[in-house]
Amino acid sequence: MSAPPFTPPDRAAVLCGLAGWLPPRVVTNEELSQRLDTSDAWIRTRTGISGRHFAEPGQATSDLAVEAGRRALRSAGAEDVDAVVVATTTPDRSCPATAPLVASRLGLTGVAAFDVSAVCTGFVYGLASAASLITAGVAERVLLIGADTYSTIVDPHDRANAIIFGDGAGAVVLRAGRSDEPGAVGHFDLGSDGTGEELIMVAAGGSRQRSASNPIDPQDRYFTMRGKEVYRHAVTRMTASAHATLTLADRKVDDIDRIVPHQANLRILRSVAEDLGLPPERLVTNVESVGNTGAASIPLALADAAAQHTIQAGERVLLTAFGGGLTWGSCLLTWPALSRIDRPHDTGGTQES
Ligand code: COA
């Protein structure tokens, strides 16, 4: 007789807690128009964004991550986890990772903690990594936080990018459960294409620049993006990845109740929904009020939608993301009944779901 498998075959990671947190400072299009050659009308028409949140000077990604993480643990009714994963493009430092600091500040000293770097696809990559820890039997419960402070890497004088990005953090708690339970995450589709490295990047700060003998151009410290090309890739990659995930799960587009894409730009999101053949009311967005928050954007959109009952228990939800790398990824889950959701915009109270 063969030995029993290390983990049961139907063991899955189940979403059991969710929260978002936004720094209180709101930066409106009007405020940006006072210092940049742009206008509220231009920004709304091209991106759908009317405002975004910025961290205060001195506030780092871990500060936002701790707030979201604490709320997600509360939402899950969990006091501890076995691992903390932080998805971010704006870690507190290039060394060490941000996750161990976040874990310690949450009172989770001693647990496994590491960062995931996949730019705006970070949350979906992080979800696959966190879920894998559970399905492999390494962890029973994992806290995954997507957090970014783009205001620290975007050139405030760069009108093309300064209007798009905002700061924020969103978090989920995953627990061990069964694959047929609501909240079980998967199937996943993940992909990358490094030939597109230069479409989205921060040129300086890494070993490529540090190993070069020429002095650093101060402008290279800032985030750059080739907007038009990125736009096209974002639509085609998210659409293709969504289709790939549905195929893996033996599902059809009609089976999807809600699609929650990475909140890049409202036009991109509408194009993805349209190309998939999904009616606009199934598209979940909050980019209008938060901008593109990188790795935080999907959990922030989920927390917003769940708190406002836009996403309901039992609905089939498709997450899809695209980001620098290039990277992309999607995940399918049936929405679970969550008892408490914190609205990302509220810095204080909680709301029953
Ligand atoms: N305000 C006013 N004018 C602006 C502007 C701003 N904030 N930013 C750019 N412009 C100007 C450009 O200079 C250009 O002027 P020109 O025609 O005189 O040269 C004109 O508007 C058109 O610029 P373009 O870059 O072609 O605009 P666009 O329609 O492609 O919109 C983005 C620019 C950045 C909004 C768009 O490319 C985009 O959303 N890309 C994807 C970004 C994104 O979501 N990335 C995240 C993916 S993870």
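Let's start with one side chain: R25 is partly exposed, with a relative accessible area of 32%. Keep in mind as you look around that this is a predicted model. The partner of R25 is E31, and the two form a salt bridge in which the closest N and O atoms are 2.5 Å apart. E31 is partly exposed as well, at a relative accessible area of 28%. Side chains of opposite charge can pair when their charged atoms come close.

Step back now to the whole chain. The protein chain is divided into domain 1, residues 11-178, and domain 2, residues 185-352. Between the C-alpha centres of domain 1 and domain 2 there is a distance of 12 Å. Domain 1 brings 54 residues to the contact, and domain 2 brings 59.

How much area do domain 1 and domain 2 bury between them? The value is about 4200 Å², with 63% of it on carbon and sulfur atoms. Across this interface there are 17 residue pairs in polar contact. Salt bridges are another matter: the count between domain 1 and domain 2 is zero.

Which elements of domain 1 give two or more residues to the side that touches domain 2? The helices are helix 2 (40-47), helix 3 (61-76) and helix 5 (122-135). The strands are strand 1 (11-21), strand 3 (51-53), strand 6 (141-149) and strand 7 (167-178). Strand 1 gives the most, with eight residues. Sorted by residue type, this side of domain 1 has 29 nonpolar, 17 polar and eight charged residues.

The side chains of R175 and E181 meet in one, at 2.7 Å from N to O. Are these two buried or exposed, or in between? R175 counts as partly exposed at 28% relative accessibility, whereas E181 counts as buried at 19%. The cut-off matters here: buried means under 20% relative accessible area, so E181 falls on the buried side.

Our last stop is the salt bridge between D193 and R237, whose closest N and O atoms are 3.4 Å apart. This pair links distant parts of the chain, 44 residues apart. D193 sits in the loop between strand 8 (185-192) and strand 9 (200-202), while R237 belongs to helix 8 (residues 227-248). D193 counts as partly exposed at 23% relative accessibility, and R237 is partly exposed with a relative accessible area of 23%.

Definitions and conventions
Residues numbered from 1 in each chain as written. Predicted model: local features only at pLDDT ≥ 70, side-chain atom pairs only at ≥ 80, totals over all residues. Heavy atoms only, no water. Domains from an automatic or database assignment. Contact = heavy atoms within 4.5 Å. Buried area = accessible area lost by both parts, 1.4 Å probe. Salt bridge = Lys/Arg side-chain N within 4 Å of Asp/Glu carboxyl O. Polar contact = N/O pair within 3.5 Å; in protein donor to acceptor, adjacent residues only side chain to side chain. Helix = DSSP H or I, 4+ residues; strand = E, 2+ residues; numbered from the N terminus. Nonpolar A, V, L, I, M, F, W, Y, C, P; charged D, E, K, R; others polar. Buried < 20%, exposed > 50% of the residue type's maximum accessible area, 1.4 Å probe, protein only.
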